Amino acid sequence: MSDKKKGKQPSRREFIQKGMRMTLGASLAGVAGFAALKVSADDYVWQLDPFKCVYCGRCADYCVVTPSAVKCVHAFDLCGYCDLCGGYLKPDANARSTAAENQLCPTAAIQRKFVEDPYFEYQIDEELCIGCAKCVEGCTSFGNGSLHLQVRHDLCVNCNECSIARVCPADAFERVPASSPYKIKGDFATGSDKNKPA
Amino acid sequence: MNRISKILFTLSAFLISLPVWAQQRFPKPEFETGYTQPSTTQPLPRALFLEYLDVFVLVAALVIATWFVVKKRSRLGVMWTSVFALLYFGFFREGCICAIGAIQNVTLAIFDPTYVLPFTALAFFVIPLVVTLFYGRTFCAGVCPLGAIQDLVAFRPIEIPKWLQKILGMIPYLYLGLAILYAATRSEFLICRYDPFIGIFRFDAEFQMLLLGGLFLLVGIFIARPYCRFFCPYGVLLGWMSTFSKKHMTITPSNCIQCKLCANSCPYGVIEEPVEEQGSRRSNVQRLMTYLFFIPLWIGIGGLAGSMLHGPLSKFNTKVYLAEQLVENPELKQDPDYLDARAFVQSGESMDELVKEAREIRSQFYWGGWILGGFMGLVVGLTLLKLASHRNRHDYEPDKTNCLSCGRCMDYCPVKN
Ligand code: SF4
Ligand code: SF4
Ligand code: SF4
Ligand code: SF4
């Protein structure tokens, strides 16, 4: 091999290196630019659509946080303040009382408070709620459906992919802008934002 | 009487069957005692500026780590940077969002027209790659929390034979391909689901995930940074960037004196020894040409294999799985314990629609399988090509693709200026 050729080696290598560097840089810019067409300055968080939820109970079991970051919330505007609350009492309850054996909630997280005859107010103690949706099922089947589940953002760690979303049989989970992070029943109507980017 | 009860019955049945949002079954009472209704609280998510602060910390940590590795040549400095990154991105931010997972967000942004990409995810994906294109994998050395936690436990690294390293080193390519395939078909985020350390960062996870994380750390005592070297999909992209980076950390500040002291210092076995080209140049070039010639064949074989595997691969998509189950066992639709089937029936979607949707996803997997397989074929072909080629090397040098820029070797080099 001639000396001349040897002298050429490094510069040829450098040339290839530089060319490849340019190519990689350009591809990265291409991918990033293409993705940037969809970029939003806002952050996105997970929320579930209570109108899609079928109260399967997986919200309690699949959240990476224990107990689940999904809790039951109460849309008081929709509540009938019933004495015979389908979300509070077991269908076969033998008395309309606060006795634990009559309550649907496994952790007794629903507080029943007398307002005036014959009305009762129901509040969720989120410290106790595990997001099992038992009350939601009861309230939706026998009452107004004012009890429903929501991801609580003081507890949710905002996983890149929510592990409940992956298993939710009703596909109720979606990414929503962090500036409007709730879908509380009564505040929004079903279907109205189905076609908007999730 | 009978008629009245009948009317009442139909009326109540009608009321109950009404969709709940159309009308309340039990109207809200008018309270007489001045009762004020509580409001439903809506605790806010983490403030947006804090998300931007994360991006700022990422950039700052990258700058500092790069400075320590490339300029200051301080192993200690980069180690403490990585400890900080572990505390901040790992334990404080609980591992989300990270650059590795952001691959999937970017993929989804490209393939899913309804997905909106948060700026932070894009920044976490792009910034480390750009820095690596200029200075090598300083991200791995000082900023990645996953790398940091493994680096800190690498007490007794043993040497792994080169050929085994090469074979295991192909897993990340497969993982990257699969992660992109599953994100692009909107099936799931594989990387996030199987992140072994996230449970440790959060002090909370399923038992299996904690076990996996513990296992990785245990193995990591002897096989340094097992996740980085043999799994990390982002490492593949970083490796490409680093191979052709403008600058890169060097073992010695000036000239290598061939003392071999650094050779054993690298826990990742990526310091390459000096080699002389053997045999005649012509036959070597010819051998390389044959390998090059075989690459399209590898791509073809890989693609074919990938496309043939699209059936099993698509089973991990819940829609496809449900459709298959219901087609094979229609009676499952009545099974009250099969939640997914129950939800499907409740949703009112027809079987035809479900099957059609599943078919579409399947065909995406078919083409995805071709691409993934072809890509793996290319990887195999190029790995063989690289194994067969020796380029003349006079000094001890880090293999730029796989060097994690940790800087350990710098301390071992006796040449100090
Ligand atoms: S997983 Fe889905 S369907 Fe099940 S309770 Fe949660 S939101 Fe409802
Ligand atoms: S994003 Fe994570 S923490 Fe939040 S609800 Fe889903 S699984 Fe739980
Ligand atoms: S190889 Fe992957 S996991 Fe390891 S430090 Fe680099 S980016 Fe992090
Ligand atoms: S800087 Fe690179 S070559 Fe040096 S010890 Fe670390 S990984 Fe090995």
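I counted 20 residue pairs in polar contact between chain B and chain A, both residues at pLDDT 80 or more. A polar contact here is a pair of N or O atoms within 3.5 Å; within protein, one must be able to donate a hydrogen and the other to accept it, and residues adjacent in sequence count only if both atoms are side-chain atoms.

I then listed the elements giving two or more residues to the side of chain B that touches chain A; among them are α2 (48–72), α5 (119–135) and α18 (339–347) of chain B. Helices (H or I, at least four residues) and strands (E, at least two) are DSSP runs, numbered from the N terminus. That side of chain B divides into 38 nonpolar, 17 polar and 18 charged residues. Ala, Val, Leu, Ile, Met, Phe, Trp, Tyr, Cys and Pro count as nonpolar, Asp, Glu, Lys and Arg as charged, and the others, Gly among them, as polar.

This is a predicted model: local features need pLDDT of at least 70, side-chain atom pairs need 80 or more, and totals for chains, interfaces and linings use all residues. Side-chain values use heavy atoms, without hydrogens and water; residues are numbered from 1 along each chain, chains lettered from A and ligands numbered from 1, as written.

I checked salt bridges next (a side-chain nitrogen of Lys or Arg within 4 Å of a carboxyl oxygen of Asp or Glu). The interface of chain B and chain A has 3. I looked up E188(B) with R166(A): their N to O distance is 3.9 Å.

Last, I turned to ligand 2. Its shell holds 9 nonpolar residues, 1 polar and no charged. The residues around ligand 2 include W46(A), C63(A) and S163(A).

Technical notes:
A residue is near a molecule or strand if one of its heavy atoms lies within 4 Å of it.
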